[in-house]
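Welcome! Let us walk through this protein together, one topic at a time. Please keep the picture in view as you read.

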Amino acid sequence: MHVVVATDGSQQSLRAAKQLKSFADPAKITDISVVAVIRPLAAVAFADDLSTQERRRADLETGGFRAAAESSVDAVAAVFDGWGPKVHKRIRSGSPANEIIKAAKQLGAGLVVVAAGGRGISDTVLVGSTAQRVQHYAPCPVLVVRPAPRRTRK
């Protein structure tokens with residue numbers, strides 16, 4: 001089975017990859033494609049919570065949305081190092097939900113893994129909108145990894 005693991009550069013997307021690894025049987029997974037999507041003409045850079053401070057600074061100085069996406073893909077792909085399945089790194093451009101769905105179709109994915117409430121332009125308004133769209137339109141099952149509940153302060 002081919003699994004698509006989406007990352008938006010957030011810690012939550014890294015947790016989603018780790019969640020897959022925690023329960024999945026690597027003998028039943030042949031390939032994992034780690035996918036990041038860069039929004040064309042975005043006013044806000046690709047979220048990069050997974051790289052070191054120095055790498056993030058260098059990426060910002062060069063204006064590298066693609067470099068930030070590559071760093072995030074590398075960090076998520078590293079979760080699967082030595083685990084078994086072959087890991088592919090992919091950077092796409094477009095609407096995140098649409099590109100994740102297209103990737104799943106093109107790759108014949110048996111599962112898509114996405115984080116809900118990761119980080120994006122509309123994080124506070126439409127938490128998990130990308131995950132919702134992928135879940136609704138993907139050609140295969142979707143594992144949506146939700147963030148841990150926040151503790152309420154008293």
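Helix α4 and helix α5 (residues 129-137) have axes that come within 9 Å, crossing at roughly 35 degrees. This crossing of α4 and α5 is right-handed. Two packed helices are described by the angle between their axes and the distance between the axes. Keep in mind that you are looking at a predicted model.

Which residues of α4 and α5 make the contact? On the α4 side they are Pro-96, Ala-97, Asn-98, Ile-100 and Ile-101. From α5 come Thr-130, Arg-133, Val-134 and Tyr-137. Sorted by class, the contact of α4 with α5 has 6 nonpolar residues, 2 polar and 1 charged.

## The chain as a whole

Now let us step back. The protein chain holds 5 helices and 5 strands. Starting from the N terminus, its elements follow the order β-α-β-α-α-β-α-β-α-β.

The protein chain has 154 residues, and 45% of them count as buried. Among its contacts with a separation of 6 or more, 77% are between residues 24 or more positions apart. You can look for such contacts yourself by picking a residue and seeing what surrounds it.

## Nonpolar cores

How many residues does the largest nonpolar core have? It has 23, and those with the most contacts inside this core are Val-3, Val-5, Leu-20, Ile-32, Val-76, Phe-80 and Val-113. At least two residues of this core are supplied by each of β1 (2-7), α1 (11-23), β2 (31-38), α3 and β4 (111-115).

Leaving aside residues up to four places away in sequence, Val-113 touches Val-3, Val-4, Val-5, Ala-6, Ala-16, Leu-20 and Leu-143.

## Salt bridges

Next come the charged side chains. Side chains of opposite charge can pair when their charged atoms come close. In this model the count is 4 salt bridges.

One of them joins the side chains of Glu-70 and Arg-66, at 3.3 Å from N to O. Both residues belong to helix α3 (residues 65-78), where Glu-70 and Arg-66 are 4 residues apart, about one turn of the helix. Are these two partners buried, exposed or partly exposed? Glu-70 is partly exposed, with a relative accessible area of 32%, and Arg-66 is partly exposed too, at 46%.

Which residue forms a salt bridge with Arg-92? The partner is Glu-99, and the closest N and O atoms of the pair are 2.9 Å apart. Buried means under 20% relative accessible area. Arg-92 is therefore buried, as its relative accessible area is 18%, and Glu-99 counts as buried because its value is 9%.

Glu-99 has a further salt bridge, with the side chain of Lys-102, at 3.3 Å from N to O. Glu-99 and Lys-102 are separated by about one helical turn because they are 3 residues apart in helix α4 (residues 96-107). Lys-102 counts as partly exposed, at 41% relative accessibility. Through salt bridges that share partners, Arg-92, Glu-99 and Lys-102 are joined into one network.

How values were computed: Residues numbered from 1 in each chain as written. Predicted model: local features only at pLDDT ≥ 70, side-chain atom pairs only at ≥ 80, totals over all residues. Heavy atoms only, no water. Buried < 20%, exposed > 50% of the residue type's maximum accessible area, 1.4 Å probe, protein only. Core = buried A, V, L, I, M, F, W, Y, C linked by side-chain atoms within 4.5 Å. Contact = heavy atoms within 4.5 Å. Axes fitted to C-alpha atoms, helices over the stretch in contact; angles between N-to-C directions. Left-handed = near helix turned anticlockwise from the far one by under 90°. Nonpolar A, V, L, I, M, F, W, Y, C, P; charged D, E, K, R; others polar.
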